[in-house]
Amino acid sequence: MDKDKNEITLYDRIDTISKNIGICDKDDKTILEVELTDNPDVRSLSLKSGSWEAKEPWFVIDEKKKIHGMVSLDTLTKMVENLKALGQENFELRLEKTIWKHLPVDFGDVWVVAMDEIKNMAKKSDNAQAVRLDIEKLIGDIKKKHPSLFVDLKGIYNNFIPNQDLGN
């Protein structure tokens with residue numbers, strides 16, 4: 001009875017995972033099971049539900065009752081490319097937000113300077129992907145090096161209300 005209950009739990013987990021990734025139809029879901037053979041170097045793969053022609057991903061239950069997902073190399077490549085693009089988009093949005101927070105005179109000019117700084121940092125690093133970037137610090141450093149790229153609120157305030165010190 002425990003084996004049946006465990007299998008039901010595994011299939012319930014697969015159903016939950018399937019729904020989370022957009023596979024709702026049970027017929028669209030391929031579930032395979034790895035089974036031991038007499039040869040320790042060989043395993044048998046059997047179809048438990050779905051079909052060999054169903055959409056990806058396929059779900060594989062190994063001999064230790066662990067659930068795995070199986071996709072083609074083409075699908076995996078597309079997933080990695082999409083993740084990279086998403087990471088790039090996330091980085092660009094964080095950079096944009098930080099630039100705007102520092103009140104640029106011309107956003108495009110600050111963007112170009114920031115991208116040049118990032119490229120220089122990547123060239124100096126042995127591994128371009130290993131560069132850890134503190135975007136806030138980067139824009140702060142650019143603001144110090146190129147103050148004319150940013151609105152100087154202290155200067156504007158002091159021009160309208162003389163003899164007032166806003167501090168650093």
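Strand 3 (residues 58-61) and strand 4 run antiparallel and are joined by 4 bridges. The model is predicted: local features need pLDDT of at least 70 and side-chain atom pairs count only at pLDDT 80 or more, while totals for chains, interfaces and linings use all residues. Residues are numbered from 1 along each chain as its sequence is written, and side-chain values use heavy atoms, with hydrogens and water left out.

**Sheet**
- The open sheet consists of 4 strands in the order 2-1-3-4, with mixed pairing (strands are DSSP runs of E, at least two residues, and helices runs of H or I, at least four, numbered from the N terminus; two strands pair if DSSP finds at least two bridges between them).
- Strand 2 (43-49) and strand 4 (67-70) are the edge strands, each pairing on one side only.
- On average, neighbouring strands of this sheet are turned by 30° against each other, direction ignored.
- Val 60 has His 68 in strand 4 as its bridge partner.

**Helix packing**
- Helix 2 (residues 73-101) packs against helix 4 (residues 135-145) at an angle of about 45°, and their axes are 10 Å apart (axes are lines fitted to C-alpha atoms, for helices over the stretch in contact, and angles run from 0 to 180 degrees between N-to-C directions).
- Helix 2 is therefore oblique to helix 4 (angles under 35 degrees count as roughly parallel, over 145 as roughly antiparallel, 65 to 115 as roughly perpendicular and the rest as oblique).
- From helix 2, Phe 91, Arg 94, Leu 95, Thr 98, Ile 99 and Lys 101 meet Ile 135, Glu 136, Leu 138 and Ile 139 of helix 4 (contact means heavy atoms within 4.5 Å).
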